[in-house]
Amino acid sequence: MEKKIPVRGRFAPSPSGRMHLGNLWSCLLAWLAARSCSGEMVLRLEDLDPDRCRPAFCDQVMRDLEWLGLDWDGEPVYQSRRTEAYAQAFRALEAQGLVYPCFCTRAERLTASAPHRSDGTALYDGRCRSLTPAEREVLARTRRPAWRIHAPEETVLFSDLLQGVVSEQLAQDDFILRRSDGVYAYQLAVVVDDAAMGVTQVVRGSDLLSSTPRQLWLQQQLRLPHPEYAHVPLLLAPDGRRLAKRDRDLELGQLQEVYTAPELVGRLAHAAGLLPEYRPVSPRELLPLFSWDRVPKRDMVLSLDTPSSGAEAAQGTP
């Protein structure tokens, strides 16, 4: 009989501000998915961007998780301290001839004529892919390049624990591995770190679903293991917008002025289909109730009312 690999999940918040309700939703489901089968949880603070991330935000993330009753195993990992690990992976890809410099400005990358994904996000049009060494040398005199991966004409297929079978074509998707300021990009860092931390299960928002084929392909090139993935539905603002830190939508600081931790966890648990009716509850009380079969697959509006109200907590939206 094949030995089942123990589950090791992770929190991977970006400490660029206070967590909002959508972050708490993903964190709770990731914690329940791992702990419900006696797995481990690790905490990784994705603080690569020096312009947006602050040590104080890292400390706040940990206080907020503790307030909610979401614990983790071992010491937190800071991406800002792991630059050499990303550099090694970058050099390995470079040695395979998969990396090239890109001198395009942001305006050039986002031109209206650029190809787009089915979800509307822009794809790079590949204009720097075929530059000659002489052309690159001339451009490098006046502009510092970003570095891109040369994506293949390949279809990546994987099975998501919540979304089912997902298939995506990587062609014309030469995503950035290292920015022009030297900061390594999310796609490379997350692949390196998930492998280094022994992560076997990645639970995150469905807005990152399109990143998974890229990461699976990078794992293959770097000979790293593939974790299993679960992309949970997004929580939306009442007007249908995605929750965002920049909009201060339902951030935890504001929520703590109105709700206790059990009240907030109870509303999220009801939205996740784990409670037939809302009631205050701790994360540990939800462990025997957790099942992916109960979690909805579509984005939803979460209506937070007064703590004493027994009204419905969530309303599904197409």
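1. Helix axes are here lines fitted to C-alpha atoms over the stretch in contact, and angles between N-to-C directions run from 0 to 180 degrees. The model under discussion is predicted. On that basis, the axes of helix 1 (residues 21–35) and helix 9 (residues 261–271) approach within 11 Å, crossing at roughly 70 degrees. Angles of 65 to 115 degrees count as roughly perpendicular, and helix 1 and helix 9 are therefore roughly perpendicular to each other.

2. The residues at this crossing can be listed by helix. Helix 1 contributes Leu 21, Leu 24, Trp 25 and Leu 28, which meet Leu 264, Val 265, Leu 268, Ala 269 and Ala 271 of helix 9. Sorted by class, the contact between helix 1 and helix 9 has nine nonpolar residues, with no polar and no charged ones.

3. Arg 214 lies in helix 7 (residues 211–221). Its relative accessibility is 14%, and since buried means under 20% relative accessible area, Arg 214 counts as buried. Along the chain, Arg 214 and Phe 175 are 39 residues apart, while 8.4 Å separates their C-alpha atoms.

4. Turning to the strands, an open sheet is formed by three of them in the order 4-5-8, with antiparallel pairing. From one strand to the next, the twist averages 45 degrees.

5. Strand 4 and strand 5 (residues 146–149) run antiparallel and are joined by four bridges. Cys 102 stands opposite Ala 146, a residue of strand 5.

6. How many disulfides does the structure hold? The number is zero. Cys 104, for its part, is in no disulfide: the nearest cysteine sulfur belongs to Cys 128 and is 3.6 Å away, whereas a disulfide requires a pair of cysteine sulfur atoms within 2.5 Å.

7. Are Cys 27 and Cys 104 buried or exposed? Cys 27 has a relative accessibility of 9% and therefore counts as buried. Cys 104 is likewise buried, with a relative accessible area of 9%.

Conventions. Residues numbered from 1 in each chain as written. Predicted model: local features only at pLDDT ≥ 70, side-chain atom pairs only at ≥ 80, totals over all residues. Heavy atoms only, no water. Helix = DSSP H or I, 4+ residues; strand = E, 2+ residues; numbered from the N terminus. Parallel < 35°, antiparallel > 145°, perpendicular 65-115°, else oblique. Contact = heavy atoms within 4.5 Å. Nonpolar A, V, L, I, M, F, W, Y, C, P; charged D, E, K, R; others polar. Buried < 20%, exposed > 50% of the residue type's maximum accessible area, 1.4 Å probe, protein only. Pairing = 2+ DSSP bridges.
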